Amino acid sequence: MKNNVRLLVSFLLMTMSTVAFATDSQDLTRLKKNYQSLLIAGEPNDSLKHDLMKVEPEVEVSDQVVVELHQKYPTTEEKLSRIRSHFKADGSWDDVNYADKKRSGWEPKVHADRLLELAKLFADPSSKYYQSKEIEAMIRRAMNYWFTTKPVCLNWWYNQIGIPRTMGSAFVLFDDYLTAEERQAAVEVMQRAKFGMTGQNKVWLAGNVLMRAILQRDEQLVRQARDVIASEIVTGQTEGIKNDWSFHQHGPQLQFGNYGLSFISGMAFYYGVFKGTSFQFSDGQVDILTSLINKGYKWVIWNRRMDVSSLGRQFFHNTQLHKAYSLAFASEAFGIGGFPRVGNPLVGQKHFDDSDYTVHRSKDWMASIKMSSSRVKGSELVNEDNLKGKFMGDGATFFYQTGDEYRNIFPYWYWDRIPGVTSYENPYYKPMSPGLNRDVLTSKVKHPQQLTTEQLAEAKAQLASMNWSNNTSAKVGGLTDGKIGMSAMEIVRDGLTAYKAWLMTDDYVLCLGNGIRSDSTALVYTGVEQCLQRGDLEMWQKNAWTPVTEEVTVEQQEVRFFHNHTAYIIMGQNPCVAMAEERSARWCDVMGMYTPEVQTNKVVDIHLLHGTQPCGASYLYIVVPQTTKEALRKMSFKDVKVVRNDEVAQIVMAKAAGKGCWIAAYEATTLKVWGKAYEVKTPGIYYVEKDGKNLKTLLEKPFRL
C-alpha cells in the first residue's frame, strides 16, 4: 500500500511539474511580440515620457542605462536626416571612428545604436517609415558591414554585452525579414554572449542569449536564459540585492546607480517580456523586485534626481537626472509610483548597514552620508570612469533641496575636499589636471627613455594617486529610529586617521570629528560644502551679511555662512576657508570617454584646514538646509551639547534629536553620561536616556567587527 501511495505521489508531482513547465505552442510567438512592442518607444503617451522629452539628449553616451533611456526618444526627422547624410554605400557611417581604441564610450557602438533606431522605425506601425523599402535597405547594408568587418573593442564588455544587447534588439525587431544568411551572421554576433559571471553582468549575458534563442526559435534555450535571469532575483548574496535592499557589484560596493540600476531596469523589461507566458516571473520574484524599489531605490531619489553617492563610478553629464528617470520608468513597469518631479512623499531616515550608507529625508530636504570600511569599498576606477573619486567613501555628505545642487559639478570639484570628507591634499584631484589615463601612465613608467627626470617623477606620482586603497577600519555604522539617528566612522588609510560622526535630524545635521592625524606633509582638509553657486555666498560678520567674492580665511570661535537657502555654522578653532569662484575644467579628466573641451562653471567651496601632519585635530559644524538669512542670524544652539569628542567617543545631546544622548564609541570603555557611568562593552553607536536614577539603552548598533 505504501509503495502504491509513493507511486501515486510521484506521478502527481511529475504531472504537476509537466503542467508547470509545458509551454503553449503560441508562447514563443507571444514572447517575441512582447519583446518587440517593448522596444518600440513610439510617441510619448504618459506624463513621465513627456517630462523626459524636455531633457535634451546627450551627445556623448557610454552608460548603458542612458543609452536605453535615450532609446525612448522618438527618432525625429532631423536625426534621421543626419543618419542618412553620413551613411555610406558600404553600410558604414563616415562620422564613426571604427578604429577607436577607447575602453569606454567606444565609437563603433554608435553603429549599433543607429541600426536599432532604423529597425524601430521599420517595425513600428505608427511610424511613417513602417516597412519602408529605403529603411529596409539601410538596415541590411548596416548589418552586412558589421558582419563583414567584425569590429572588436579592447573592453570585453562591449563585445559580449553592449554590442549584442543593442544589435540583438535590432535583430529581434527585424526577425521576420532576415534572410538565412543574415540570421546565421546575426546569431554569430550574439554567440559572443554566453552564460556566466555574477550579478548584473550575469543578467546582461543571459538576456543576450535570450535574444539569440528567439532568433533560433529555440524554446529550450529561451527557458534556460529566463531561468538564469530569474536566478539573480534573490537577496543576501555576495553580489546583487543585499538584505538591506541596497545593491552590490564588483565586490562589497554600493552600486545603486550603476549595475543596480541596470539590474532593476532590465528586470522591469523582462517582466514585460515574459508576462502572459509560462516564462513569467513568480509572485515571490516580483515581490523581491518591487521591494528593491520601495525599500531601496525610493530612498535615493529626490525630485527625480539620484543622490551623488549612489552613482557608483558613473559621474557622467546629467547622470543624476538620467538615472532617476531610468528608475522611474522601471518602477512604472511594475505599477509603482512615488517619483514625482516635485515633492517627496517618503520622509524618514534609513541606514543601509550592508553598504555603510545613510539617507535622511525631511519634508523639504534630503541629506546622505557615504562611508566605507574594511567590509565595504568606497569607490572604484574602471575603464577611465571616475578618475578622481578616491575619497568618495570617506564620509561624503550631500544636501539637496531642489536636487540640482551638484548636477554636472563633477569636473569642477576639488576631489580631495568633497563635502563631508576628511582627506589630504592631492594636486591631481583639481580641475584642469592632465588626463589621468592609467594605461598611458603605466607605459611611461615602464618605458621612461623619452622622459626627463621631472616628467618621470610626475608620471609616477600620478600613477600612485590612482592606486586606490580602502578604509581598513571596521568601526563604521549607523543607528536610527527611522526618523533621526547617528552615523559614525573611523578612517584608517594612507597614513591618515580620523573619527567622524553625524547627528541627523529634521532641523539640521551636526557634523563632528576628532583624532585627525596624518604622517604626510600634505595639507589635511575637511570639506563642508562644494556645490554649484546659486546666488551669493554670504558671511555674517560685524552684525551684517557680507558677500564672499574672493577666497577668505576665517579663524574665530564661530562663523556663519549662507548660500542657496542653506546655513553653515562653523564652530571651533580650525581655520575655515570659503570661496565663490568660476572654475575651468574638462569632463574628460573625470570620465575618460569625453572629448577634451574646457568649460566653466561657478562653484561655492567651504572647507576646514587641519594643517600638515596634524596630531589630534578636531572639528564641529552644523548644516541647516531650507532656511533663511534672518532665521540663521537668530539661530541658537544652546540646547546642542557636545559632551565628548575625541578618539574614544563622540557624545551629543540635542533637543532636535530627542531627550536622550547619542554615543559613538570606538572602544570598549566606561563613559560618563549625566555624571553616571555608562559601560560600552562593544564599540558601536548607542542612544541612551535617563530612567529614574539609572541609564537605559533604548537603541544600539555595535560596529560589525
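## A neighbouring pair: Asp 494 and Arg 493

Asp 494 is partly exposed, because its relative accessibility is 33%. Keep in mind as you look around that this is a predicted model. The side chain of Asp 494 meets that of Arg 493 in a salt bridge, with 3.9 Å from N to O. Arg 493, for its part, is buried, as its relative accessible area is 6%.

Charged side chains also link up elsewhere in the model. Lys 32, Asp 175, Asp 176, Arg 183 and Arg 217 belong to one network, joined by salt bridges that share partners.

How many salt bridges does a search of the whole structure find? The count is 44. One of them pairs Glu 117 with Lys 79, whose closest N and O atoms are 2.8 Å apart. Glu 117 counts as buried, with 13% relative accessibility, while Lys 79 counts as partly exposed at 30%.

Another salt bridge brings together the side chains of Arg 313 and Asp 385, at 3.4 Å from N to O. Both partners here come from loops: Arg 313 from the one between helix H13 (283-295) and helix H14 (319-333), and Asp 385 from the one between strand S5 (366-370) and strand S6 (396-400). The pair therefore ties together parts that are 72 residues apart in sequence. Are Arg 313 and Asp 385 buried or exposed? Both are buried.

## How H2 meets H12

Now turn to helix H2 (residues 27-39) and helix H12 (residues 259-274), which pack with their axes 7 Å apart and at an angle of about 135 degrees. The two helices are therefore oblique to each other.

Which residues make this contact? From H2 come Leu 31, Asn 34, Tyr 35, Leu 38 and Leu 39, and they meet Phe 269, Tyr 270, Gly 272, Val 273 and Phe 274 of H12. Sorted by type, the residues of the contact of H2 with H12 comprise eight nonpolar, two polar and no charged.

## The buried side of H9

Helix H9 (residues 180-190) has buried residues at Glu 182, Arg 183, Ala 185, Ala 186, Val 187, Val 189 and Met 190. What do the buried residues of H9 pack against? Their partners are helix H7 (133-149), helix H8 (156-173) and helix H10 (199-216).

## Cysteines

A disulfide is a covalent bond between the sulfur atoms of two cysteines. With a cut-off of 2.5 Å between the sulfur atoms, the count of disulfides in this model is zero. Cys 153 is in no disulfide, and the nearest cysteine sulfur, which belongs to Cys 588, is 18 Å away.

Cys 153 is buried, with a relative accessible area of 4%, whereas Cys 615 is exposed, with a relative accessible area of 64%.

## A last stop at Lys 72

Lys 72 is found in the loop between helix H4 (64-70) and H5. At 27% relative accessibility, Lys 72 counts as partly exposed. The C-alpha atom of Lys 72 is separated by 8.8 Å from that of Leu 52, which is 20 residues away along the chain.

Definitions and conventions: Residues are numbered from 1 along each chain as its sequence is written. This is a predicted model: local features need pLDDT of at least 70, side-chain atom pairs count only at pLDDT 80 or more; totals for chains, interfaces and linings use all residues. Side-chain values use heavy atoms; hydrogens and water are left out. Axes are lines fitted to C-alpha atoms, for helices over the stretch in contact, and angles run from 0 to 180 degrees between N-to-C directions. Helices (H or I, at least four residues) and strands (E, at least two) are DSSP runs, numbered from the N terminus. Angles under 35 degrees count as roughly parallel, over 145 as roughly antiparallel, 65 to 115 as roughly perpendicular and the rest as oblique. Contact means heavy atoms within 4.5 Å. Ala, Val, Leu, Ile, Met, Phe, Trp, Tyr, Cys and Pro count as nonpolar, Asp, Glu, Lys and Arg as charged, and the others, Gly among them, as polar. Buried means under 20% relative accessible area, exposed over 50%, partly exposed in between (1.4 Å probe, protein chains only). A salt bridge is a side-chain nitrogen of Lys or Arg within 4 Å of a carboxyl oxygen of Asp or Glu.
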